[in-house]
Amino acid sequence: MYNLFIMVKDGLFEQDYALKKVFIDLVEKDGLRSLSVVELVKKASISRSTFYSHYSGIYGVFESIASEIASRLCGIYDKFEFREYKKALIEICYFVKNNQRVFKILLTKTGSEFSYLMINLFKKKINLNEFINQMNTGDSLSSYFLTFIINGSLGVFTEWIVRGCQDDPQFIIDTFIATIKATI
């Protein structure tokens with residue numbers, strides 16, 4: 001089972017839930033670019049017309065899953081004040097760890113699409129003025145520094161996920177913070 005979908009299953013139609021599970025399985029097996037609507041609807045046991053009444057195509061399913069993930073991550077992030085970013089990051093780590101199969105597939109089998117979505121999500125969510133004040137980077141470096149931190153963090157998350165989330169989330173967060181402090 002995919003914890004991500006279990007957590008939000010109540011909001012999904014049963015067919016949508018089944019379709020997304022099959023989508024993840026097929027993307028894991030063959031990658032996003034190899035997946036066809038015909039194969040997906042056949043394995044999910046739904047009609048093409050039902051599929052197209054909800055999605056524009058394969059990327060529509062991908063975007064729906066990515067949107068669910070983004071919504072969950074934003075919900076976690078929004079629960080905390082900026083100065084509590086460590087708590088937010090720990091909770092995000094546990095969410096990722098509990099859904100590591102889905103994250104691994106989306107980060108390694110979709111090309112860079114999912115990574116770009118996550119990078120842009122966090123760029124929008126992080127208050128740049130608070131970031132400048134917290135990190136003491138100065139206005140001219142702040143945007144570049146934030147981009148560097150987000151991309152580097154995503155790289156660390158990807159490596160952690162590929163390794164099976166073996167390291168404790170606190171260790172991952174401590175690594176992020178030590179790296180950020182070392183670059184300031």
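1. Accessible areas here come from the Shrake-Rupley method with a 1.4 Å probe, and for residues only the protein chains shown count as cover. On that basis the protein exposes about 10,000 Å², with carbon and sulfur atoms supplying 53% of it. Keep in mind that this is a predicted model: local features need pLDDT of at least 70, side-chain atom pairs count only at pLDDT 80 or more, and totals for chains, interfaces and linings use all residues. Residues are numbered from 1 along each chain as its sequence is written, and side-chain values use heavy atoms, with hydrogens and water left out.

2. Helices are DSSP runs of H or I with at least four residues, strands are E runs of at least two, and both are numbered from the N terminus. Of the 184 residues, 44% count as buried (buried is under 20% relative accessible area, exposed is over 50%, partly exposed is in between, with a 1.4 Å probe and protein chains only). Contact means heavy atoms within 4.5 Å. Among contacts between residues at least 6 apart in sequence, 64% join residues at least 24 apart.

3. Start with helix H5 (residues 58-78) and helix H7 (residues 100-108), which pack at an angle of about 125° with their axes 12 Å apart. Axes are lines fitted to C-alpha atoms, for helices over the stretch in contact, and angles run from 0 to 180 degrees between N-to-C directions. H5 and H7 are therefore oblique to each other (under 35 degrees is roughly parallel, over 145 roughly antiparallel, 65 to 115 roughly perpendicular, and the rest oblique). Phe62, Ile65 and Ile69 of H5 meet Val102, Phe103 and Leu106 of H7. That contact divides into six nonpolar, no polar and no charged residues. Nonpolar covers Ala, Val, Leu, Ile, Met, Phe, Trp, Tyr, Cys and Pro; charged covers Asp, Glu, Lys and Arg; the others, Gly among them, are polar.

4. H5 also packs against H8, at about 35° and with the axes 11 Å apart. The residues making this contact include Phe62 and Ile69 of H5 and Phe114 and Leu117 of H8. By class, the contact has 13 nonpolar, no polar and three charged residues.

5. While you're at H8 (residues 113-125), look at serine 115, which sits in this helix. Serine 115 is buried, at 18% relative accessible area. Leaving aside residues up to four places away in sequence, serine 115 touches Leu107 and Leu154.

6. Next, helix H6 (residues 85-98) and H11: their axes come within 9 Å and cross at roughly 130°. That makes H6 oblique to H11. Among the residues that meet are Leu89, Ile90 and Cys93 in H6 and Ile172, Ile173 and Ile177 in H11. This contact has nine nonpolar, one polar and two charged residues.

7. Most residues other than glycine have a negative phi. Serine 45, however, has a phi near 60°, a positive value. Serine 45 lies in the loop between helix H3 (37-44) and helix H4 (48-54), and at 64% relative accessibility it counts as exposed.

8. The other is cysteine 165, where phi is near 55°, again positive in a residue other than glycine. Cysteine 165 is in the loop between helix H10 (139-162) and helix H11 (169-183). Is cysteine 165 buried or exposed? Cysteine 165 is buried, with a relative accessible area of 2%.
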